[in-house]
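Here are my notes on the model you sent. Please read them with the structure open.

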Amino acid sequence: MLTRNCLSLLLWILFDGGLLTPLQPQPQQTLPTEARENEIHLSGQQSHFQRVKRGWVWNQFFVLEEYMGSEPQYVGKLHSDLDTGEGTVKYTLSGDGAGTVFTIDETTGDIHAIRSLDREEKPFYTLRAQAVDIETRKPLEPESEFIIKVQDINDNEPKFLDGPYIASVPEMSPVGAYVLQVKATDADDPTYGNSARVVYSILQGQPYFSIDPKTGVIRTALPNMDREVKEQYQVLIQAKDMGGQLGGLAGTTLVNITLSDVNDNPPRFPKSIFHLKVPESSPIGSAIGRIRAVDPDFGQNAEIEYNIVPGDGGNLFDIVTDEDTQEGIIKLKKPLDFETKKAYTFKVEASNIHLDHRFHSAGPFKDTATVKITVLDVAEPPVFSKPVYTMEVYEDTPVGTIIGAVTAQDLDVGSSAVRYFIDWKTDGDSYFAVDGTEGTIATNELLDRESTAQYNFSIIASKVSNPLLTSKVNILINVLDVNEFPPEISVPYETAVCENAKPGQIIQIVSAADRDLSPAGQQFSFRLSPEAAIKPNFTVRDFRNNTAGIEARRNGYSRRQQELYFLPVVIEDSSYPVQSSTNTMTIRVCRCDSDGTILSCNVEAIFLPVGLSTGALIAILLCIVILLAIVVLYVALRRQKKKDTLMTSKEDIRDNVFHYDDEGGGEEDTQAFDIGALRNPKVVEENKIRRDIKPESLCLPRQRPPVEDNTDIRDFISQRLQEHDMDPAAPPYDSLATYAYEGNGSIAESLSSIDSVTTETDQDFDYLTDWGPRFKVLADMFGEEESYNPDKVT
């Protein structure tokens, strides 16, 4: 550092004292470039504006970084060939840092750095210089470009950008095993001096690890480092620049190194004998104890497999590994019995699952220990001689019949008596009973196989000395069948025979069913009933496989002669006692085609002529319907004609006497106006005389004999008649109407009482007899009135 500073000071003195003189360019030729330190000559121009080539000594300056002097740092000097030293030339500076970082003396061309520079922030600056006439402000020559480089000093220490580091290496690795490579970065200029040349060393971590000083690779330095002795190591690494020389800057980082495990240790039992105590009542598959072998390795290298060495008692037990704790769990494979054997001894072997062949020479990776198991006596419940009891009994067996027995024993030392009873929670408890001392099972009710074919219940046995100790066993009772139901035809068959059937033709196959047992358990036989065997139309052929065929015995059948045949079939089973039944089959005669396909079995076909087609039947039915329609139409027309004749006959008397409340339109208006609307409702209600039949003289009110005490009525009628006779504007009190309207120009003229005289003289109706037969009834009515009304009321 001191040498470099002295050299810089010497150069500055040389430049500042003017010891170096600029080169003068020669016209019409290029001067050779010569290196001048800290001075740049700018070529001038000849008079008459002749172009002269520039003669550069160099175009690059250097400046020290991190300059800490009190005065601005001198960089260099600019000089133009046209500058005669009389002060007529002005120098200007532009570009990177001009005016802020670098300044120039306009008269002398000296360049200074006015602040400290950092090469790591900006390594060089590009600037432009120009010489200008101080009076005319015109450039004396073109603008020139030059570079100011910041010269590096060792001001940055090496840094580990990726630290701290974590690494691992297998235990028991040989010397020189690769661990990790570290790298430090120095921000100084690697092309200048040794400021950026880094050397690595270990400050902490010897003698276990070493590091390459140039590459930074860390390796093991000791053989057989054991993870079980020490697992974690912290190594302190230093990186120093200047090639590690005195005065260089240094940086450190920490490397955490872990020894990874290898299977270099076998499992070992902490003791040679394990004692276990197990109650004899322990269930099969239960864990009765744990043993453990110790392996100092880690992870899968410490996984242990346990096995029972074949020997005394080992077949009653099994051992498995607990994956979490690596313990050996001993389980019971078979039941223990204190009364049979009280202790067991066997050996257990523990071995590693994942072996490393590099360590086989150290010996087998396994260990053996002895296990002694003592069986503890436990009060046990009675033990049944069978796990399940199966019994059989016939249905309808008398109540109280013994069908079997169960047996249970107390196997403990000093055995106790046993009592039996049925588990009342089951459904079969009411059909059977058990003897509490002997264990015999008897029927308690009559059994029916068709209702329940099998019973399943439980019997409990308990010790007399300790009733709480009980055991249970299942009882399965099958009810055997007794042949009590006859076989029957399984399904109702719709049997048909063709009219063109041939003798020996099978027209139907039938099967049978029996409620006693399924058909697979019996053999059924079929035959024809004896009463039907005489000249039968059909017969039964037994196929000997629980089916039979109905066989035709005639050559053709006729529906017209007989449509239905009834065939009695006898079915018999093979059980004891033999049961049989007679089943009547109905056989219908049908019309078929030549292939035997049924075409028609309808009943109406019996009454049709042989060979009559369907089209002919439809035509006949259509003719019948047309004839019936004609008859109905004819009868309807006759009824209509008869009704019209009745309305116009001479016997049609439709007259009535009624009171008017309105005058109406006269006799000629009877077709347009219903005079019946003017009737007195009281008269209609009292008389109720039909207008469409001939009135009888005995039914008229006038033919009734006079009553002595009806003077009030007569006075009322007389008064009303007199009032209406005297008032020509009032409507008539009474009127005589006929429904046999004659029209205008009648010789009888009007029969209305509107023109009646107002005198008190009696009217004479004898002239009605002269009007002819059409008014005979009217003349008789008024003539009769004269006969029984001698005293006329006026």
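**Notes on the fold**

1. Strands (E, at least two residues) and helices (H or I, at least four) are DSSP runs numbered from the N terminus. Two strands pair if DSSP finds at least two bridges between them.

2. A word on the basis. This is a predicted model: local features need pLDDT of at least 70, side-chain atom pairs count only at pLDDT 80 or more, and totals for chains, interfaces and linings use all residues. Residues are numbered from 1 along each chain as its sequence is written, and side-chain values use heavy atoms, with hydrogens and water left out.

3. How do E16 and E22 run, parallel or antiparallel? They run parallel, joined by seven bridges. E22 covers residues 366-376. Val375 in E22 is the bridge partner of Val278.

4. Now to E6. Strand E3 (residues 73-80) pairs with E6 (residues 110-113) in the antiparallel sense, over four bridges. Gln73 stands opposite Ala113 of E6. Strand E5 (residues 102-104) also runs antiparallel to E6, with three bridges. Phe102 stands opposite Ala113 too. The hairpin of E5 and E6 has five residues between the strands, and Gly109 takes a positive phi near 85 degrees there.

5. Check the surface of helix H2 (residues 614-648), where Ile624 lies. Ile620, Leu621, Ile624 and Leu628 form a nonpolar surface patch, with about 390 Å² of accessible area together. Areas follow the Shrake-Rupley method with a 1.4 Å probe; for residues, only the protein chains shown count as cover. Patch members have over 30% relative accessible area and no salt bridge, and nonpolar side chains (Val, Leu, Ile, Met, Phe, Trp, Tyr) are joined within 5 Å, like charges within 9 Å. A salt bridge is a Lys or Arg side-chain nitrogen within 4 Å of an Asp or Glu carboxyl oxygen. Ile624 counts as partly exposed because its relative accessibility is 43%; buried means under 20%, exposed over 50%, partly exposed in between.

6. Overall, the protein chain has five helices and 42 strands. Of its 794 residues, 35% count as buried.

Conventions:
Buried means under 20% relative accessible area, exposed over 50%, partly exposed in between (1.4 Å probe, protein chains only).
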